[in-house]
Amino acid sequence: MLDFGAPKHLVWLLKSLYDNSYGMIRVDQQHTDKFRFERGVRQGCPLSPLLFLTCGEDIMRSVEAELPDRTGAIVGGRALWNLRYADDTALLARSRTQLEQEAQLLKKHSERFELQINSSKTVAMAISEQDDRQSPVIEGATIKSVQKFKYLGSLVTAEGKCELDIRARLAMARNATLQLVEVWRSKEISLHLKKRLMKSLIWSIASYGSESWTLKKADERRICAFELWAWRRLLRISWRQRKTNEWVREIVRVPESEGLLQTIKRRKQQKYGHWKRRPDSVVMMTTEGEVEGRARRGRRRKAWIDDLRGTPTAR
């Protein structure tokens, strides 16, 4: 904290908070002998996340100081070699050797804070058309190579597409809808309250991480189909009754302009406006910056910014 410019009196106060701290375990009315805390931060303390992030920032700065220039993916003219959220860390490199170097340095400097890399929860993914799929090795431990993995609740694939993530989110929302069948059947709950439950419990699952989606026409149809399926479950309407989608929307009083798909699109616009307030951020760099390298032959894939602008030429 002193290296980051924190005041000395604040560091002294935090140090005194952790020096000579003891605890004990109570079982019914009996207590164990007190024992000293040797590691970790106070659970529930609002300062604990900041202290942990301070350690993580010190680790990453130490690793970056030993890395060669322009290590990692070059986006917008800047080298991007790591993404972090709390203790979930993703390393980016342009070769397997470079990735192993980053991981070795990360492991070395993490040990100063008695932190370790869990090899069983660590995976590697190659985004390349080359046939070299050899798994990286960190101090003798081979890291499993995968074609997709889940990071912060979102499914990341080697192709960089969103179809699998959208399908997974809608499947989770569908399962949650079926688990609330007793709520939809209840006659003691008004239709207005059921609609609020649908939007707060089901839509929140279906739209998690949707700000990063690049929607194609098929994805939009899939989202609209799920929404109408959910409304039919809420109204307990069978397909044998032959009720149209327009009739369903009229009953629940949720027009297409206020549906799940339009809600997702509005969330993307709001998130982009939030990012625009920090033009030098990493998010804007990855959203609007150019990536080094040559594109594949054929038609250009639809980019996230094209989807936001509603560009009709890219699909």
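Predicted model: local features only at pLDDT ≥ 70, side-chain atom pairs only at ≥ 80, totals over all residues.
Biologist: OK, how many salt bridges does the structure hold?
Modeller: There are 15, where a salt bridge is a side-chain nitrogen of Lys or Arg within 4 Å of a carboxyl oxygen of Asp or Glu.

Biologist: Which residue does Arg-84 form a salt bridge with?
Modeller: Glu-57, with the closest N and O atoms 3.2 Å apart. Glu-57, Arg-61 and Arg-84 are linked in a network of salt bridges.

Biologist: And is Asp-219 buried or exposed?
Modeller: Asp-219 is buried, at 2% relative accessibility. Buried means under 20% relative accessible area, exposed over 50%, and partly exposed in between (1.4 Å probe, protein chains only). Its salt-bridge partner Arg-222, 3.1 Å away from N to O, is partly exposed at 25%.

Biologist: Switching topic, how do S13 and S14 pair?
Modeller: Strand S13 (residues 148-151) pairs with strand S14 (residues 154-157) in the antiparallel sense, over 4 bridges. Strands are DSSP E runs of at least two residues, numbered from the N terminus, and two of them pair if DSSP finds at least two bridges between them.

Biologist: What's in the turn?
Modeller: The hairpin has 2 residues between its strands, and Leu-152 in the turn has a positive phi of about 55°.

Technical notes:
Residues numbered from 1 in each chain as written. Heavy atoms only, no water.
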